[in-house]
Amino acid sequence: MVKCAIILAAGEGKRMKSSTPKVLHKVCGKEMVNHVIDTMRKANIEEVNVVIGKGAEKVKESTNSRHVSYSFQDKQLGTGHAIICAKEFLKGKKGIVAIFAGDAPLIEASTVESLMELHEKEGYKATILTSIVENPTGYGRIVRNINGDVEKIVEHKDCSQSELNINEVNSAIYCFDIENLIESLDKLTNNNAQGEYYLTDVIGILKEQKHKVGAMAVKFEETLGVNSRVQLAEAEMLLRKRINKKHMENGVTLIDPNSTYIGPDVEIHCDTIIYPNNVIEGSTIIKDNCILYPNSRIVDSIIGSGVNIQSSVILESTIGQETTVGPFAYIRPETVVGKHARIGDFVEIKKSTIGDNTKVSHLTYIGDAEVGSGCNFGCGTVVVNYDGKNKYKTIIGNNSFIGCNTNLVSPVKVQDNTYIAAGSTITNEVPEGSLAIARAKQVTLKGWVEKKGLLKK
Ligand code: UD1
Ligand code: CA
């Protein structure tokens with residue numbers, strides 16, 4: 001028996017007032033549709049089909065790495081029509097299909113699993129995920145009979161006065177028996193207030209045929225559908241709360257959870273302390289006992305145990321344990337910094353490795369370089385890696401002392417245990433154990449100021 005899913009993501013999302021398709025708007029740094037796909041995977045649904053239409057290419061591009069298949073809905077004639085467009089995907093399958101809206105990113109995997117379990121256990125042909133809300137405006141209402149059984153779903157715009165008072169609403173998340181769903185799709189009409197083919201009408205159709213239909217109510221925050229920027233911000237806040245709570249429960253200190261922005265796929269180990277205004281994104285891993293002082297952005301990086309970071313940007317890089325970064329460091333992609341190192345203020349490092357115990361304390365640029373361990377960079381060192389056309393590599397051995405205001409013109413090699421005098425521009429290899437000085441000799445003219453008549457008394 002198959003367990004598959006369809007995600008509806010063809011709509012334009014007019015109410016967003018955006019040139020980006022609605023389902024690609026991000027919540028906590030991840031596109032809404034990708035939240036839904038990732039949740040499917042967590043709920044062990046293997047085969048996922050995404051119905052695309054408006055901005056199809058963009059949606060395809062953003063979801064591609066997640067190994068889903070696509071159906072195409074040329075004209076957005078309603079959610080039922082969207083499923084008709086996915087018939088090819090359902091053809092020949094026997095089992096359950098779960099249907100999700102690409103604009104409801106807060107659904108949790110455990111809820112999807114419970115919905116499927118209930119569906120199977122009760123032998124329902126359709127099971128609807130619902131919530132009870134104070135203000136049901138805009139949502140489809142769940143109409144039940146006197147026995148409390150679900151009868152049908154009525155869209156807000158089609159509701160009678162008494163139906164408008166119902167506060168159990170459709171989340172647009174359901175499980176269906178595949179064969180029954182396909183059969184019912186042929187019976188859909190667009191005879192309603194919006195002139196659309198509603199998926200919600202399938203429920204009434206199944207009931208008329210005396211099939212068993214069920215519903216499971218969950219808290220509203222899991223089913224929130226994002227139709228506007230205001231709801232996007234609401235979803236962001238709810239998910240942020242959920243993520244931050246999980247980290248605190250795992251032993252991470254958040255000084256102010258309301259101003260800490262952690263992506264859904266970030267991993268943080270215990271006893272790490274995070275101060276306000278940190279933004280941690282992508283697949284970042286932060287090990288234990290780190291301190292993130294305020295104002296850093298860390299993306300797709302691995303931060304070792306006991307690292308301190310302050311007011312810095314770290315992108316696609318690895319920082320070794322007990323190293324300190326910042327304030328105001330900029331660590332660009334493909335950088336690997338070793339253990340017990342120091343990357344200080346106004347230091348930029350790009351695509352370079354920095355060995356253990358090396359100190360790059362102030363005002364320095366290192367690009368396309370391999371730097372050994374135990375080195376010390378004086379203030380204002382520049383690796384001159386670019387000649388206007390090509391980029392070249394610089395290699396610096398272990399225990400090298402690079403004096404202040406040095407230029408290292410690439411490609412160049414500085415061997416182990418060397419000293420470079422301050423103010424040098426190094427263009428030739430510096431052999432092991434030597435001192436290199438590459439600057440003009442000082443000339444001192446005694447009494448020059450007085451001779452020139454410039455002496456102030
Ligand atoms: C839908 C439900 C409503 C429910 C609400 C919950 C229907 C008819 N109504 O209303 O009962 O309470 O969700 O949020 O299903 N889409 C397509 N193709 C289309 C139309 C929509 O792919 O032709 C996609 C949209 O991209 C979106 C999802 O389906 O991701 C829901 O569509 P939307 O127009 O937002 O439906 P609602 O009016 O919110
Ligand atoms: Ca919606």
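Q: Let's start with Leu106: buried or exposed?
A: Leu106 counts as buried, because its relative accessibility is 0%. One thing to keep in mind throughout is that this is a predicted model.

Q: Where does Leu106 lie?
A: Leu106 is in the loop between E6 and H5.

Q: And which residues does Leu106 touch?
A: Setting aside residues up to four places away in sequence, Leu106 touches Glu221, Glu222, Leu224, Ala235, Leu238, Leu239 and Arg242.

Q: Okay, on to the metal. What are the protein donors of the calcium ion, ligand 2?
A: They are Asp103, through OD, and Asn227, through OD1, and they lie 2.7 Å from the calcium ion.

Q: Which loops do Asp103 and Asn227 lie in?
A: Asp103 belongs to the loop between strand E6 (95-101) and helix H5 (109-122), and Asn227 to the loop between strand E11 (213-217) and helix H9 (229-249). The pair therefore ties together parts that are 124 residues apart in sequence.

Q: Are those two buried or exposed, Asp103 and Asn227?
A: Both Asp103 and Asn227 are buried.

Q: You mentioned H9. What does Arg229 touch?
A: Arg229, which is found in helix H9, touches Met16, Lys17, Ser18 and His25, not counting residues up to four places away in sequence. Arg229 counts as partly exposed, at 41% relative accessibility.

Q: What separates Arg229 from Leu90?
A: Their C-alpha atoms are separated by 33 Å, and Arg229 and Leu90 are 139 residues apart along the chain.

Q: Let me zoom out. How many helices and strands are there?
A: The protein chain has 10 helices and 39 strands. Its radius of gyration is 31 Å, well over the 23 Å from the globule rule for 457 residues, so the chain is more spread out than a compact globule.

Q: What does the C-alpha trace span along its principal axes?
A: About 110 × 45 × 40 Å.

Q: And what share of the residues is buried?
A: Of the 457 residues, 48% count as buried. The chain exposes about 21,900 Å², and carbon and sulfur atoms supply 49% of that area.

Q: How about contacts, what fraction join residues at least 24 apart?
A: That comes to 40% of the contacts between residues at least 6 apart in sequence.

Q: How far apart are the mean positions of the positive and negative charges?
A: They are 7 Å apart, with 54 positive and 54 negative charges in the protein chain.

Q: Now H1. How many of its residues are buried?
A: Helix H1 (residues 32-42) is mostly covered, with 9 of its 11 residues buried. Among them are Met32, Val36, Ile37 and Met40.

Q: What follows H1?
A: Asn44 does, and its phi is positive, near 60 degrees.

Q: Switching to cis peptides, which residues does a cis bond join, with omega about 0 degrees?
A: That bond joins Gly326 and Pro327. Pro327 is found in the loop between strand E24 (324-325) and strand E25 (330-331). A cis peptide bond also joins Ser410 and Pro411, with omega about -5 degrees, and Pro411 is in the loop between strand E35 (407-409) and strand E36 (412-414).

Q: Last stop: where does Ala86 lie?
A: Ala86 is in the loop between helix H3 (79-84) and helix H4 (87-90). At 0% relative accessibility, Ala86 counts as buried.

Q: What is Ala86 in contact with?
A: Leaving aside neighbours within four places in sequence, Ala86 is in contact with Ile6, Asn49, Val51 and Ser71. The C-alpha atoms of Ala86 and Phe377, 291 residues apart along the chain, are separated by 61 Å.

Definitions and conventions: Residues numbered from 1 in each chain as written. Chains lettered and ligands numbered in written order. Predicted model: local features only at pLDDT ≥ 70, side-chain atom pairs only at ≥ 80, totals over all residues. Heavy atoms only, no water. Helix = DSSP H or I, 4+ residues; strand = E, 2+ residues; numbered from the N terminus. Rg over C-alpha atoms; globule rule 2.2 N^0.38 Å. Buried < 20%, exposed > 50% of the residue type's maximum accessible area, 1.4 Å probe, protein only. Contact = heavy atoms within 4.5 Å. Areas by Shrake-Rupley, 256 points an atom, 1.4 Å probe, with all protein chains shown as cover. Lys, Arg positive; Asp, Glu negative; His and termini not counted. Charge placed at Lys NZ, Arg CZ, Asp CG, Glu CD. Donors = N, O, S within 2.8 Å, 3.2 Å for Na, K, Ca; no water.
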